Amino acid sequence: MLYDLKQIGAHYRKVIEAKTDEFYERFDPFILDKRPMVRELVRKTFERNFPDKVPVLLDVGCGTCFYFPLLAQHAERLMGVDVCIPMLDVAQELIAAKQLGNCTVRESSAMELPFEDQSIDVVHSWDFLHHVPDVNKAIAEVHRVLKPGGRYVAVEPNVLNPSIAWYHARRRAEWGLIKGKNQFFLPRALRRKFDVDIRYDNTIISFLNERTKGLWKAVDGFTSFWPTKYLRFRYMMDCVKRA
Ligand SMILES: C[S@@+](CC[C@H](N)C(=O)[O-])C[C@H]1O[C@@H](n2cnc3c(N)ncnc32)[C@H](O)[C@@H]1O
């Protein structure tokens, strides 16, 4: 049984309130300051994904917004939505501490986005889609709020990478990935409304530090070929809205 929306909110509330290891490894809003390697990987990802400044950029399932200090540099206006209020409280603290004047966050489900039709230039999500109970509904909402020709850039974990599969298999809240919300299903769902391009890459957040960087570099080297690139940690779906 997969988590429903209420259970997802409750799970992430626990991560924040109990300050579990998962919080410090994955959701710490200041992780980019603490882990220069992570910062560099995320910086490169955004530079590749958003070479031109986006007028209005929406991040769905934004969580603690740990990447907003970098993502905000690629947008004139950056907005985040999430169902978990404690996550958003942490995000507000980050936005204030870093004085990110072009960023705002608000509570909302991706199933019912509080935005007008065709009002957003680019929608971005990071490790979000595999949590969503009704993927088709979330995709329809993203499609609705995007301007004609707008982009949806979805970053997701790669189930074929053994460490990613193991991480997700051990956490019930992450079983969506194992049970099909992965690169074998999500692109098919997106292609009904978008033209989709898929790229694999080795951007990771959890467990990348000075001690593990040798291992990361070995994996990066090993996965720099075809077909081993399909074992990289993440994949990104770059989607362009069809009329
Ligand atoms: C793995 S976290 C990722 C958070 C952030 N994007 C990051 O990478 O750190 C998934 C987030 O999606 C949010 N979420 C899940 N389902 C949602 C929905 N239907 N609408 C809005 N947010 C949702 C959760 O509350 C959680 O904060």
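A pocket is an open set of grid points where a 1.4 Å probe fits, with protein on both sides within 12 Å along at least five of seven lines. This model is predicted. Its largest pocket holds about 780 Å³ of space.

The lining has 45 residues, and Arg26, Asp127, Tyr167, His168 and Arg234 lie nearest the centre. Several elements give two or more residues each: helices H1 (5-17), H2 (21-27), H8 (162-169) and H11 (213-222), and strand E2 (75-82). H8 gives the most, with five residues. By class, the lining has 28 nonpolar, eleven polar and six charged residues.

Now turn to the second largest pocket. About 150 Å³ of space lies there. Its lining includes Leu41, Lys44, Trp216 and Arg232. Helix H4 (36-49), strand E6 (194-201) and H11 each supply at least two lining residues. H4 gives the most here, with four. Three lining residues are nonpolar, four are polar and five are charged.

Next, find strand E4 (residues 120-126). Seven of its seven residues are buried, so the strand is largely enclosed by the rest of the structure. Buried means under 20% relative accessible area.

E4 has strand partners. Strand E1 (residues 54-60) pairs with E4 in the parallel sense over three bridges. There, Asp59 has His124 of E4 as its bridge partner. Strand E5 (residues 146-157) also pairs with E4 in the parallel sense, over six bridges. In E5, Val153 is the bridge partner of His124. Follow the chain through E4, helix H7 (residues 135-145) and E5: they make a right-handed β-α-β unit.

Technical notes. Residues are numbered from 1 along each chain as its sequence is written. This is a predicted model: local features need pLDDT of at least 70, side-chain atom pairs count only at pLDDT 80 or more; totals for chains, interfaces and linings use all residues. Side-chain values use heavy atoms; hydrogens and water are left out. Buried means under 20% relative accessible area, exposed over 50%, partly exposed in between (1.4 Å probe, protein chains only). Two strands pair if DSSP finds at least two bridges between them. A crossover is right-handed if, with the strands pointing away from the viewer, the path from the first strand over the helix to the second runs clockwise. On a 1 Å grid over the protein atoms alone, a cavity is a set of points where a 1.4 Å probe fits but cannot get out, and a pocket is an open set with protein on both sides within 12 Å along at least five of seven lines; lining residues have an atom within 4 Å of a point. Grid points are joined across faces, edges and corners, and a volume is the space filled by probe spheres set on the points. Ala, Val, Leu, Ile, Met, Phe, Trp, Tyr, Cys and Pro count as nonpolar, Asp, Glu, Lys and Arg as charged, and the others, Gly among them, as polar.
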